[in-house]
Amino acid sequence: MTTTTAATIDSLQSVPADQGDHHFFLNHLGTVKVAAGGSTSGLALVEFVAPRGFGPPRHLHVEEDELMYVLEGEIRLDLDDGDSTVVSSGAVVTLPHGIPHGWQVVSDEARFLTINAGRRDGPSFDQFVAALGTPTDPSSLPDAIEIDPGHVAAVCAQHGIEVLGPPPPPLD
């Protein structure tokens, strides 16, 4: 039986700062703080800690809208028109469903929240993190491992995420 310390949006709950379901997820740490549960909205909140250079492949969410709130560090956001902008602590980024996007951590490390809602026809974003992640101890980032892009794309497709390109290139 899996023990969870994440809340669900189904009832009034609180989650202490160090709690949640921690996953080593694509070479960074994802902590599900609030899972969608059985909610109609599919609302989920995941806290991420990622090292410099990390960035997902260019992608779009088919149904879910996403907000990113940067708690610490700097993230370069790659915009749909080919431009990019750097956002830092306190910034909020809106990522509507159906809009291609990508980003990359440009500081030594970044800590940020993503809030996803709207997935009603399949697994929600928190379930995506669990499907691609490995339960882990949240005290530090594990060593990086090789990632199979084909596997990532397949799991993304099962969770309403369309991969449109490769991850960003390494930073100098």
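Predicted model: local features only at pLDDT ≥ 70, side-chain atom pairs only at ≥ 80, totals over all residues.
User: How many helices and strands does the protein have?

Analyst: Helices (H or I, at least four residues) and strands (E, at least two) are DSSP runs, numbered from the N terminus; here there are two helices and 13 strands. The radius of gyration, taken over C-alpha atoms, is 15 Å, close to the 16 Å that the globule rule (2.2 Å times the number of residues to the power 0.38) gives for 172 residues, so the protein is as compact as a globular protein of that length.

User: What share of the residues is buried?

Analyst: Buried means under 20% relative accessible area, exposed over 50%, and partly exposed in between, using a 1.4 Å probe and protein chains only. By that cut-off, buried residues make up 42% of the 172 residues.

User: Which strands pair with strand 2?

Analyst: Two strands pair if DSSP finds at least two bridges between them. Strand 2 (residues 21-25) pairs in the antiparallel sense with strand 3 (residues 28-35) over five bridges, and also in the antiparallel sense with strand 12 (residues 134-135) over two bridges.

User: Why is strand 2 described as largely enclosed by the rest of the structure?

Analyst: In a regular strand the side chains alternate between the two faces of the sheet. In strand 2, four of the five residues are buried, so the strand is largely enclosed by the rest of the structure.

User: Is Arg76 buried or exposed, and what does Arg76 touch?

Analyst: Arg76, in strand 7 (residues 74-78), counts as buried at 18% relative accessibility. With contact meaning heavy atoms within 4.5 Å, and not counting residues up to four places away in sequence, Arg76 touches several residues, including Trp103, Gln104, Pro168 and Leu171. A polar contact (a pair of N or O atoms within 3.5 Å; within protein, one must be able to donate a hydrogen and the other to accept it, and residues adjacent in sequence count only if both atoms are side-chain atoms) of 2.9 Å joins the side chains of Arg76 and Asp78.

Definitions and conventions:
Residues numbered from 1 in each chain as written. Heavy atoms only, no water.
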